[in-house]
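Hi,

Here is the structure I promised to pass on.

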Amino acid sequence: MQGVQGTLDELGTLLADVTFVVVDLETTGGSPAGAHITEVGAVKIRGGEVLGEFQTLVNPAEPIPAFISVLTGITDQMVADSPRIDSVLPAFLEFARHSVLVAHNAPFDISFLKAAATSTAHSWPAFRVVDTAHLARQLISRDEAPNRKLGTLARLFGAATTPDHRALHDARATVDVLHGLLSRVGSLGVLTLEELSTFSSRVSPAQRRKRHLAEGLPSAPGVYLFKDSQGRVLYVGTSQDIQRRVRTYFTASEQRTRMAEMVGIAASVTPVVCETNLEAQVRELRLIAQHKPRYNRRSLNPERAPWVKLTIESFPRLSIVRAVKADGAQYFGPFSSRVGAESAIAAIHEVLPLRQCTMRLSASGRHADCVLAGMGRCGAPCTGEQSVEQYAAVVRRVVEMMAGDSREVVGALRQRMSGLSGQERYEDAGAVRDRLVHLVRAAARAQRIAPLANSAEIVAARPTPLHGWEIICVRFGRLAGTTMTPRGGDPRPYIDALALSAEIVVPSPGPAASASAEETEKILGWLDSPGVRIIAMEGEWTCPVNGAGAARDSLDTDPTAYHDVVSFDEPSDPVLRHRRPADGLAVPGPVPRTLISSTSPRARVDP
């Protein structure tokens, strides 16, 4: 197995250049809470060479238990004239300065050293620590060694010093064990301290060998695409730091099985640098929808999201469709799954006597009634008992619920739940509640998306941490363009240039946005963030006072319904939130006299 070595900046600190201090302690017991250090031994090494050794007995200021003396050979007489820990610790810290500590079963030794630092009022440096016992558990099989004790490993690696429960001897033995373990991880392609820190046997050699794919990637926010040898996109992700995030796919921090499989297939990583988080999030959604990578699980088929349609006929009914058409019908959605759409329809049928049969009924037709009519769950328009006008009154109640006034339907469902609970039919009440959750989540989502989807253009800005402005242009619910202004720059030329160069977006029929629902929700989340100011708007952005948002907020998250619902952020206050007018857009910092400089707006974000 051949490791692939990049530059020092790309890979980190090479192990050959790391100064290690291998330390071992002898103590009066097993816990620093009631025991103290009796001996400190340490060896400083770099590149396989010994640079120095540190050894001293320590007076623990308490009798050494007899069984400890038998084990270590250290007696009260031996430590009587030895220095106390308050003198030994500063000397050890100086010896170990700017090094990486190594110990066998490191939590034991490090806990005693930290306790000593606390008791002597010394600050504990932020040492990086390598535990040879942990490494051995990752690298040594049971066939090679029955256990991971220091003595066993010292024999396995042919250590020059036999451990005997004396600090310096054990530290020397640990040095040889460390070198043996580093030799093994080196053959697996682990060449740097950073890779050693994240090493795990869960990471396959094939996965680790692919770490060179992160070389040369930008340390900037954006989107990254894993591709196979034929250029097909395997996975799309987004990150604040592309290079750092991609590197994690080759370490133990990535624990998803399917990602390990994906890395084994990947042949390259393509970065797409973005100026803003919103642009990166939108690009990710669009690239996933475009390429449909097999290792992405969400957002693969936004075009197949189900909608609930109120059909156009004498006696309309609710049906589930995959596309919104300009046919004058009422549409409700989109839903994240067909199960969610079916549950929402069931919730409406629970309290409104809308017909559920699928046959097309004429105004004068006559058919046999169904079971639902006999149960009072339908007005039986099929038999002529309900006229078109009478049925239209029921339809109006459904339309009102879809348009924004959910009080009647939600109130009736709550009454239904209460009645079932009163009859101790708790499972039935829970089923009604699940349907209600699906309904109000989807309704609140639709009521938020629809105004943005119907607005021809919204231009908004918010201040950046660098005292500039992040400006976006949204058309019919789709991010048409975005730009950033520099510190102290006049935003007005950037706004004008963005409006002229932004993507031309054709409106979609009905309430559907010209983008996926997830993209529009990302934009809504951005618009709801602190500091956002509306610069220009062509359309209306409102939220119904009696909409489903208030009902949704009053319901606790339901575990059986949550996985079918795409999360979204909605203000808890269902009324319209007013924003400062556009002419209140201030320039953060001094205003330069120049117009647009060489920094041009990033107008298009479609891949």
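A quick word on terms: helices here are DSSP runs of H or I with at least four residues, numbered from the N terminus. Keep in mind that this is a predicted model.

Which residues of α5 are buried? They are A106, D109, I110, F112, L113, A116 and A117. These cover an arc of only 160° around the axis, so they sit on the same side of α5. Their packing partners are β1 (19-27), β2 (37-46), α4 (85-95), β4 and β5. On the face turned away from that buried side, you'll find the exposed residues P107, T118 and S119.

Now for α6, which spans residues 132-139. This helix is mostly covered, with 6 of its 8 residues buried: T132, A133, L135, A136, Q138 and L139. The elements covering them include β4 (100-103) and β5 (128-131), along with α7 (150-156), α8 (167-187) and α9 (193-197).

And what caps the N-terminal end of α6? That is D131, where a side-chain oxygen lies 3.0 Å from the backbone nitrogen of A133. A133 is itself among the buried residues of α6.

Cheers

Technical notes: Residues are numbered from 1 along each chain as its sequence is written. This is a predicted model: local features need pLDDT of at least 70, side-chain atom pairs count only at pLDDT 80 or more; totals for chains, interfaces and linings use all residues. Side-chain values use heavy atoms; hydrogens and water are left out. Buried means under 20% relative accessible area, exposed over 50%, partly exposed in between (1.4 Å probe, protein chains only). Helices (H or I, at least four residues) and strands (E, at least two) are DSSP runs, numbered from the N terminus. Contact means heavy atoms within 4.5 Å. A polar contact is a pair of N or O atoms within 3.5 Å; within protein, one must be able to donate a hydrogen and the other to accept it, and residues adjacent in sequence count only if both atoms are side-chain atoms. The arc is that of the directions from the helix axis to the C-beta atoms.
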